[in-house]
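Here is a briefing on a protein structure. Look it over first, then read the points by topic.

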Amino acid sequence: MREPVLELKGVTFTYPGADQPVLHNVSMRLVEGDFTAVIGSNGSGKSTLCKCFNGLIPHYYSGDFSGEAVICGLSSEGRSVAELSRHIGYVYQDFENQLVRPTVMDDVCFTPLNYGFADYKERGERALALTGLSELRNEFIWQLSGGQKHLLALAGALAMEPEILVIDEPVAQLDPQHARHIYEILRRLNVEYGKTIVVIEHHAEFIADYCRNVILMDNGSIRWQKPVREAMSSVDELLALGIYPPDVTQAAWMLQPGLRLGRLYPLNVGEGKACFIHRDKEVVPSVLFTNEVHLVEKEKEIVVQMKDVRLSYRTIHRTMNPVLNGIGLTLRRGESVALIGNNGAGKSSLMKLIAGMVRPTEGTVNVKGIKVNGLPPERLSGIVAYIFQNPEEMFIEDSVRKEIAYYLKARRLTDTEERVEQMLHAFRLSELAEQDARLLSGGQQRRVSLAIGAAIRPAVMLLDEPTANLDISTKQEMVKVLETLRGQVETVVIATHDMQLVAEWASRIIVMHQGRIIADGSKDEIFADGQLLQRAGLAQTPLMELSQMLGLPHICSSLEEFTQNVALQKEGPVHSGCCQTGA
Amino acid sequence: MDAVKRALDRISVEQIKLELLGTAYNSSSTFLGKLDPRTLLVWYLFFAIVPWFVYNRTILLGMFILMVITTVLSRVSPYILFILCFGLISQIGWLFLLSLFFGGGIESLLPMLTLTLKLSVISLASITVFSSLDPERLSDGLSSLGVPDMFAFSLSYGYRILPTLLEEFHQILLSFRLRGQRPLKHGWLYCRTAVYYLRIVVLVFYPLMLNTAKRSRTTIEALETRGFSYALNNPKVKKLKLSYLLMKWSDWLFLSGSCLYITLLFWLGYLHPNLLY
């Protein structure tokens with residue numbers, strides 16, 4: 001039996017001023033070298049739990065605390081956060097705010113320096129090497145990309161060489177390849193360096209691939225702590241809490257007739273391949289259908305036209321940094337366009353050009369017959385709506401109702417009241433109308449930002465990463481909200497990494513890479529080309545991969561479609577417990 | 001009007017951000033940038049205070065010449081110089097107008113020139129020092145001269161967060177513009193347009209402050225987990241942190257050179273107080 005490095009005994013905690021405890025009689029233990037995921041719906045107390053580990057609770061948040069937390073043999077009682085933090089590194093969900101120094105090297109050395117380690121520079125270097133940031137050591141923080149900042153936050157925690165690492169949503173804002181990269185680093189830290197790792201994670205695919213144990217939080221208490229396969233196989237229970245197990249697991253669960261309890265399901269594509277077989281019955285292939293739609297759209301009215309557009313930004317060293325290199329693009333009425341590509345491929349820049357927020361260095365952008373180049377954004381605002389990635393940057397008033405009405409009032413439109421009510425209703429915001437949008441939850445904030453855009457009744461709506469930072473059930477809801485949008489707007493463009501969203505929503509997919517469009521086509525054309533996605537820093541969803549491996553007639557993007565096309569193998573090969581009745 | 005428009009087009013939030021950060025951080029390549037921060041701070045202390053008490057125009061002129069040389073040496077951004085000149089000229093301009101109003105004439109310009117000379121020396125000294133010291137070294141220099149660590153840290157953090165704030169300022173400004181309505185007519189001398197822009201620039205600060213307040217919660221928490229308060233109570237850490245500061249021969253050369261120049265200047269000033277006018 002390995003030593004426990006972290007133990008909570010009967011911890012109950014109530015935030016000051018709250019009636020209900022956020023943590024209720026929580027007991028758990030982590031042994032050395034564990035890799036544990038904490039899951040649970042929004043507000044179930046996941047972050048609060050993790051803040052008990054390094055003593056932020058109860059020392060920093062002075063609420064009502066009872067029970068005991070023991071970290072590396074030290075009881076948190078009577079020890080300061082700083083003292084406990086020597087043993088535990090914490091990476092926040094909004095990791096940008098934990099970077100407090102100007103350059104990469106300064107920031108990574110900050111913690112060991114604060115603790116007075118004479119070898120703080122060596123520690124910093126080692127941490128940078130572990131996270132692959134050594135090349136960037138002299139860069140300024142504000143020049144880094146989101147993914148690099150996240151790695152730096154991780155490196156900053158690693159520089160202390162702590163026994164335990166806690167990471168709150170490691171991959172929320174990353175494209176699939178960068179996300180894998182982070183998890184590969186975590187796995188290395190876990191396997192080679194023996195670190196105990198705790199992640200708060202919504203993406204079941206990553207949990208299934210990397211974690212060993214899972215803690216399920218529900219309403220402030222721990223419902224169970226199980227090995228990952230058992231945990232993910234509790235499909236009914238997880239779905240009831242709004243947590244989605246990996247697609248492969250869900251598919252097997254859907255196909256399994258009869259008693260489902262206590263069964264273990266496959267977790268990933270490799271195992272799934274051994275589990276499913278192609279059902280002989282031919283299901284109407286939807287390939288032809290989507291292609292037809294695509295053809296029809298070719299004749300529709302042109303909404304956006306870009307010709308040989310280039311864009312460069314000036315850098316601090318007074319050089320030009322090209323972000324778009326010769327973009328030619330035509331968007332038509334009625335299209336649902338997904339703009340995909342890795343972080344930094346130029347997706348946001350392309351959309352900002354259409355919205356007139358930046359001026360192209362060369363080339364022309366036409367929206368609805370108006371030449372956009374250099375036009376003030378106010379002139380375009382009735383035609384194009386741009387929804388920022390961070391909804392908070394769109395909030396300029398003090399209530400949801402006023403946010404939505406701002407555009408309409410600025411133009412003194414007569415039907416303002418009516419339209420606002422309509423939007424509040426369509427986006428299910430009527431209850432929240434008088435609240436300050438900044439204080440809403442992530443999903444609600446997104447809905448408000450979409451309502452703001454839709455109230456304008458624009459011809460083109462541009463959305464930057466609308467599902468970033470949302471948990472999966474909120475994300476599912478977003479897909480429905482996007483359907484609402486289809487009725488209000490002529491053309492919608494979404495820049496995203498979220499292949500699931502693309503698969504469920506888009507009618508046309510544009511793939512960008514290094515400032516160029518490298519592919520443009522329908523779902524089936526793009527998703528069938530694994531290499532193309534690889535090149536663009538993206539990944540097929542497990543269902544797509546599986547449909548290809550099993551030789552299904554077309555690439556399935558939804559679970560329903562997939563389960564119609566496959567059956568479970570009768571005498572499946574024994575594959576680490578896949579499709580077998582649990583012990 | 002077109003020229004003004006083009007000039008205005010060049011001034012964007014992005015541009016200002018680059019200039020500011022360039023001035024703040026792009027300094028370690030110059031001669032002055034390689035000096036120890038303590039040298040520069042002591043040097044600055046002299047040139048920021050002494051000119052106020054000097055009325056000898058020869059001395060002031062001599063100081064001014066020295067400042068021009070150090071400004072050139074520290075390769076100050078032309079934007080900053082432009083703003084400085086603009087400030088000085090407009091200052092003189094309105095003072096002169098005021099003096100004309102009270103019955104003064106061309107002769108009232110001369111005493112004002114003395115004041116301007118003083119202001120220029122002080123401003124150029126500030127520009128030289130602050131564009132040669134990046135915020136990090138400034139903060140370490142202050143800290144080693146005995147300024148409280150909390151203050152020194154806030155200074156360097158202030159600069160760290162500046163680009164983030166400017167970025168967010170820009171985004172919120174865009175939110176106002178994307179949803180707002182610019183006056184359809186520019187009005188007399190672009191008055192209406194100007195009022196519209198000034199109004200939203202002010203309004204942007206409210207959401208900005210609220211968002212920043214929300215964000216700083218994590219920062220403060222993270223500082224705690226990263227051992228910041230531990231360091232504050234531990235003099236050993238401060239010593240370790242500042243151990244890289246070193247007075248080199250170039251520092252002593254710079255300081256003694258400046259001393260010599262100033263001594264000679266005062267001597268010359270007392271011999272010929274009215275060398276200039």
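**Where chain A meets chain B**

The contact takes 63 residues from chain A and 55 residues from chain B; contact means heavy atoms within 4.5 Å. This is a predicted model: local features need pLDDT of at least 70, side-chain atom pairs count only at pLDDT 80 or more, and totals for chains, interfaces and linings use all residues. Residues are numbered from 1 along each chain as its sequence is written, chains are lettered from A and ligands numbered from 1 in the order in which they are written, and side-chain values use heavy atoms, with hydrogens and water left out.

**The interface in numbers**

- Chain A and chain B bury about 5,600 Å² between them. Buried area is the accessible area (1.4 Å probe) that two parts lose on being put together, summed over both.
- Carbon and sulfur atoms carry 55% of that buried area.
- Three residues, Asn97(A), Trp142(A) and Glu378(A), supply 12% of the area that chain A buries against chain B. That is more than any other three residues supply.
- Six salt bridges cross the interface of chain A and chain B. A salt bridge is a side-chain nitrogen of Lys or Arg within 4 Å of a carboxyl oxygen of Asp or Glu.
- Lys51(A) and Glu221(B) form a salt bridge through their side chains, at 3.4 Å from N to O.
- Between chain A and chain B, 24 residue pairs are in polar contact, both residues at pLDDT 80 or more. A polar contact is a pair of N or O atoms within 3.5 Å; within protein, one must be able to donate a hydrogen and the other to accept it, and residues adjacent in sequence count only if both atoms are side-chain atoms.

**What chain A brings to the interface**

- Helices α2 (56–60), α3 (81–84), α4 (104–114), α15 (377–380), α16 (400–410) and α18 of chain A each supply at least two residues of the side that touches chain B. Helices (H or I, at least four residues) and strands (E, at least two) are DSSP runs, numbered from the N terminus.
- Which helix gives the most to this side of chain A? It is α4(A), with six residues.
- By class, this side of chain A has 33 nonpolar, 12 polar and 18 charged residues. Ala, Val, Leu, Ile, Met, Phe, Trp, Tyr, Cys and Pro count as nonpolar, Asp, Glu, Lys and Arg as charged, and the others, Gly among them, as polar.

**Two domains in chain A**

- Chain A is divided into domain 1 (4–251) and domain 2 (288–521). These bounds come from an automatic or database domain assignment.
- The centres of the two domains, taken over C-alpha atoms, are 33 Å apart.
- In chain A, 14 residues of domain 1 are in contact with 15 residues of domain 2.
- The two domains bury about 1,300 Å² between them, 50% of it on carbon and sulfur atoms.
- Between these domains there are zero salt bridges and one residue pair in polar contact.
- The side of domain 1 that touches domain 2 has five nonpolar, seven polar and two charged residues.

**Residues to find in chain A**

- Ala433(A) sits in the loop between α17 (416–426) and α18 (442–455). Ala433(A) counts as buried because its relative accessibility is 2%. Buried means under 20% relative accessible area, exposed over 50%, partly exposed in between (1.4 Å probe, protein chains only).
- Leaving out residues up to four places away in sequence, Ala433(A) touches Ser399(A), Val400(A), Arg401(A) and Leu424(A).
- A cis peptide bond, with omega about 10 degrees, joins Ile57(A) and Pro58(A). Pro58(A) lies in helix α2.
- Cys72(A) is not a glycine, yet its phi is positive, near 45 degrees. Cys72(A) is in the loop between β4 (64–71) and β5 (74–75). At 25% relative accessibility, Cys72(A) counts as partly exposed.
- Arg412(A) also has a positive phi, near 50 degrees. Arg412(A) lies in the loop between α16 and α17. Is Arg412(A) buried or exposed? At 73% relative accessibility, Arg412(A) counts as exposed.

**Chain B as a whole**

- Chain B has 12 helices and zero strands.
- The C-alpha trace of chain B spans about 65 × 65 × 30 Å along its principal axes.
- Of the 277 residues of chain B, 45% count as buried.
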